[in-house]
Amino acid sequence: MAMNEGGTPGGAAFGDVPDEETLPCGRELAQVWEQAETGEPDPHTADCPHCAEALRALRTLEGVVARARADEPQERQWDTAALAGRVMDVVRLELRPGRTLALGEPDEDAWIVEAAAARTFRAAVDALPGVRAGSCRIETAVVNAASGASAPPAGRLPRGPARVRIEVQVGLSWNLQLVADEVRGRIVEAADGELGMRVAAVDVVVADLLDEDEEDREDQEDQEDQEDQEDQEDQEDQEDREDREAEEADEVEGGQR
Amino acid sequence: MTEQQTPRALADLVGAAVLATRGVAFLRPGLAELLRSSVGLGAGRGTSGAAGASGVRVQRRKGSAGLDIEVYVVLSRGHRALDVTRAVRAAVVDVLAGEAGEKVSAQVRVTVTGVV
C-alpha cells in the first residue's frame with residue numbers, strides 16, 4: 001500500500017533527498033542534472049554509465065516538455081529554471097505518486113494522482129491576492145458496501161465525491177469567513193473546470209496570517225518553489241498516513257462498517 | 001485482438017495515438033527505473049526512448065481474448081483532465097478497432113500522473 005519503497009517513512013524535512021532519488025552509483029539525480037545544467041565539469045559523471053543514462057533521460061524529458069511548450073505557447077511563460085523544476089516534479093510524482101483519485105462517471109476508468117490534483121487546487125487558491133496555499137489533502141467518501149460499488153483497484157481511493165482539506169496563510173486584510181468562502185469557490189471551480197472531479201466539501205484551515213510585508217514578498221516569490229515544497233511535504237505526510245492506515249486497516253474494517 | 005500484434009507493438013501504437021491527443025504533454029517517462037539498481041542499464045533503455053513503454057501497458061486478459069490496457073499520461077496545463085482522459089480513451093479504442101479488424105474487448109484505464 002505504501003509507496004515509499006525504501007524511502008523515508010519517517011518524513012524527512014524538505015530539502016533532504018530521499019533515497020529513491022539516488023542513482024545506483026550513489027549520486028543524487030537532482031545533483032547530476034543541476035551540474036549538467038550549469039556546465040560544471042565532473043569526472044565521475046563523465047565516466048559513469050548511470051549518470052550518463054540519467055542525463056539522456058533528462059535531455060529526453062526536456063525535449064518533450066519543450067515541444068509541449070512550443071505547441072501551446074500562450075499558456076504559460078517558462079524559463080529554464082522552471083522547466084528543470086517541472087522535470088524534477090515529474091520524477092517526484094512518479095516515484096511517490098501517493099493515492100489515486102477517480103475522475104468522471106462510475107463507468108469510466110479515469111484517474112488522477114492526488115498530488116497532481118492537489119497542485120491544481122493550490123494553484124487556484126494561490127491566485128487569490130494575499131492568500132498562500134499550504135498543505136492540501138483529498139479524501140473520498142467511504143464506500144457504502146450496500147451500494148454494490150466494486151472495490152477500487154489497488155492504491156486508488158473509492159469512487160465518490162471528494163472532500164478537500166486545504167491549509168492557507170492569509171493576509172491580515174482578509175475577513176476570515178470571506179477568505180474561506182473564496183478559497184472554497186476557487187477549489188470547486190478548479191475541480192470542475194480543470195479536473196472534472198466532483199467535490200462534496202472543502203475544509204479550509206487558516207494556518208497562519210501574513211503581515212503586509214509578507215504579502216508583498218509573496219507576490220514576488222517564485223510560486224513554483226512553494227508548490228514543490230508543499231508537494232514534497234504532502235507526499236511524505238501521505239506516506240506516514242498510509243503506513244498508519246495499513247496498520248489500522250483490520251480494526252477499521254472489522255469495527256466501523 | 002490482434003493476433004498479428006504483440007502487446008509491445010500494440011503498446012507502441014497506443015502510445016503514439018495517446019501522444020497525439022490534445023492536452024497530453026507526454027507519457028509517464030518511467031524515470032523510476034533509472035533509480036533502481038535492479039534494472040540493468042541495457043534493459044532500462046525504455047526510459048530514454050521517451051515517451052516510453054512505461055506510459056502504456058498492454059496485457060492479454062487471462063482466460064479470454066480481452067485486453068487490459070493502462071495508460072499513464074502527463075497533461076499540459078489549460079486542459080480539463082477529465083476531457084483529456086476521455087479523448088485518450090477514444091484514441092486507444094480507435095487504435096484497437098483499426099488494428100484488430102474486429103471488435104476487441106478491452107478494459108482501458110487512463111491515469112493522469114502529472115500536469116506541467
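A residue is called buried here if 20 or more other C-beta atoms lie within 10 Å of its own, exposed if 12 or fewer do, and partly exposed in between, with C-beta atoms placed from the backbone. The model is predicted, so that local features need pLDDT of at least 70 and side-chain atom pairs count only at pLDDT 80 or more, while totals for chains, interfaces and linings use all residues. Residues are numbered from 1 along each chain as its sequence is written, and chains are lettered from A and ligands numbered from 1 in the order in which they are written.

Chain A contains 8 helices and 5 strands, where helices (H or I, at least four residues) and strands (E, at least two) are DSSP runs numbered from the N terminus. Along the sequence, the elements of chain A run α-α-α-α-β-β-α-β-β-α-β-α-α. Of the 257 residues in chain A, 34% are buried.

Confidence is expressed as pLDDT, the predictor's value for each residue from 0 to 100. Chain A averages 74, with 60% of the residues scoring at least 70.

Helix H5 (residues 114-126) of chain A has 13 residues and reaches 18 Å from its first C-alpha to its last, close to the 18 Å expected at 1.5 Å a residue, the expected span being 1.5 Å times one less than the number of residues. Because 11 of the 13 residues of H5(A) are buried, this helix is largely enclosed by the rest of the structure. Among those buried residues are A:Glu114, A:Arg119, A:Phe121 and A:Val125.
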